[in-house]
Amino acid sequence: MSHKKRKTVDLPTPNAPPPSPPPVLKVTTISPLDPSLPLESLIPSNLLPVDFMSTDFNKSCHHISGPSLHLLETLREMLSDYDLPTLFENTPSPSIQVFLPTKSTTSDTIRVDPETASKLYKTHSTYCRGPSPLESLFQSTFLKDLSLFNQNPSWGYSELETFYGIKNHVTNWHYDFQHNFTIQVSGSKKWELGMGEENVLLGCTPHFLEESVVEGQVLNGRLSSPDFEFTPPTEPTDTCTLLPGDFLYFPPGMFHRVTTLQTGLSLNISIIGKSYSDIYCDALKGLLNKEKKWREAVRDKDEFFRLCEGVGRVEGEWVWCEGGNEKREEEEEEFEEDEDVDEEEVDYVKRDSQVFNIDEEFEVTRLGKDITEISNFIVNPISMLLTENDITSYFSRLTKKPIKQTNIIKYVLNVNYAGNENMEACNRAVLECERGGEGERFLEGVRKGRVGEYGKGRKWLWWLGGIVEG
């Protein structure tokens, strides 16, 4: 009789403290680079610690003080002697982004042509892509030096951005989805840093006041953090000041607020890469497309379900989303008037094509039964249900105006939000019900893992991410 060796698992020590998170900011002061080195020497391996990729990349910010001062003269040549009108004229960007003065914490921007930007830059901060020759140089040197995408160049790319900051300009709290390497060319900036999220698919930009931005970014944050709130830090965890020649790396998901102390120019090399899920799903699609049946245009739900049975890991009903048969416009206004808030931006229901009144259209029966008592209730792992407050509370805090309470409460359902590169749900609906009624209690029950007898509610349980059979 043979015996298999039992697999052992290392268990955590009882009452052991959780591992410490990596520091938000590391600071290194190094001697300037050899003046005889070319601009191509301005690469991470000449600036950052040898263990940077294993210990800091994608984890901590790193400020390198004073290494590239002599290279600024070479940069000056490639940046048209820092002549902004010439940079605007030669940018690959279709337009130049100009920041307008604002007294609030949000950013107000316009996009203009090079001629208009040349008239505004002395009194307004600007953003655009850097010159193509310099962008190409940094693209090749940075990606190669970091050993990123060497196996397959199609897995990622980088861009060079130029920021011209006017003294006292503030870009308020936000985080990006790219890896960023910033070089302060002239002037100086204060960077305030705070913890955010890890491996994000989208940025979090509270400084841009648009409801569609809020909803998408809340969904993105809750992919892995169910308690994620669209709220930036109130105080920084760390702070650093970038002077000419300084270099800063900050990873995706790291909150930062940037204040221009002295008017000047900075460059940012942003690196955008495919995720492991992108590569895996690309390969899976290639495998499925070897079979004629998977290449057929979608036409029949039952046929789709039958094909999914052969895959094994994805239930057909998780993915298949039938459009609603009702379209209507919302009549209620949810926000009190405010001169700083555009009603078209904050009234998120106006853009909804599918609005379902749970109380009127579906029967809700007895509530409160524990989900474990319904053995065949299946939760759809690619659906996400937000409350109205998840989306609108940020505007209330920002404008210091309370949201007008109505007798109707709304929930927003997104199915397969993160399943495509555009980060758009394959189906989205607003579910509304009477505040304090059985519909609201049922929706809250589903959100918290408790459901009642479904009665005629099978269809909308499907919308909610659950299927009840039998």
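Leaving aside its neighbours within four places in sequence, which residues is Leu75 in contact with? Counting as contact any heavy atoms within 4.5 Å, Leu75 touches Leu39, Tyr82, Leu134, Phe138, Val185 and Leu267.

The model is predicted, so local features need pLDDT of at least 70 and side-chain atom pairs count only at pLDDT 80 or more, while totals for chains, interfaces and linings use all residues. Residues are numbered from 1 along each chain as its sequence is written, and side-chain values use heavy atoms, with hydrogens and water left out.

Leu75 is also among the residues with the most contacts inside the largest nonpolar core, which has 41 residues. A nonpolar core is a set of buried Ala, Val, Leu, Ile, Met, Phe, Trp, Tyr and Cys residues joined through side-chain atoms within 4.5 Å, where buried means under 20% relative accessible area, exposed over 50%, and partly exposed in between (1.4 Å probe, protein chains only).

The structure also holds ten salt bridges, each a side-chain nitrogen of Lys or Arg within 4 Å of a carboxyl oxygen of Asp or Glu. Three of them are listed here.

| Salt bridge | N to O distance |
|---|---|
| Arg76 and Asp81 | 3.2 Å |
| Arg257 and Glu192 | 2.9 Å |
| Glu215 and Arg428 | 2.7 Å |

Glu215 and Arg428 are both buried, whereas Arg76, at 29% relative accessibility, counts as partly exposed.

There are zero disulfides, a disulfide being a pair of cysteine sulfur atoms within 2.5 Å; for Cys61, the nearest cysteine sulfur, that of Cys240, is 7.5 Å away.
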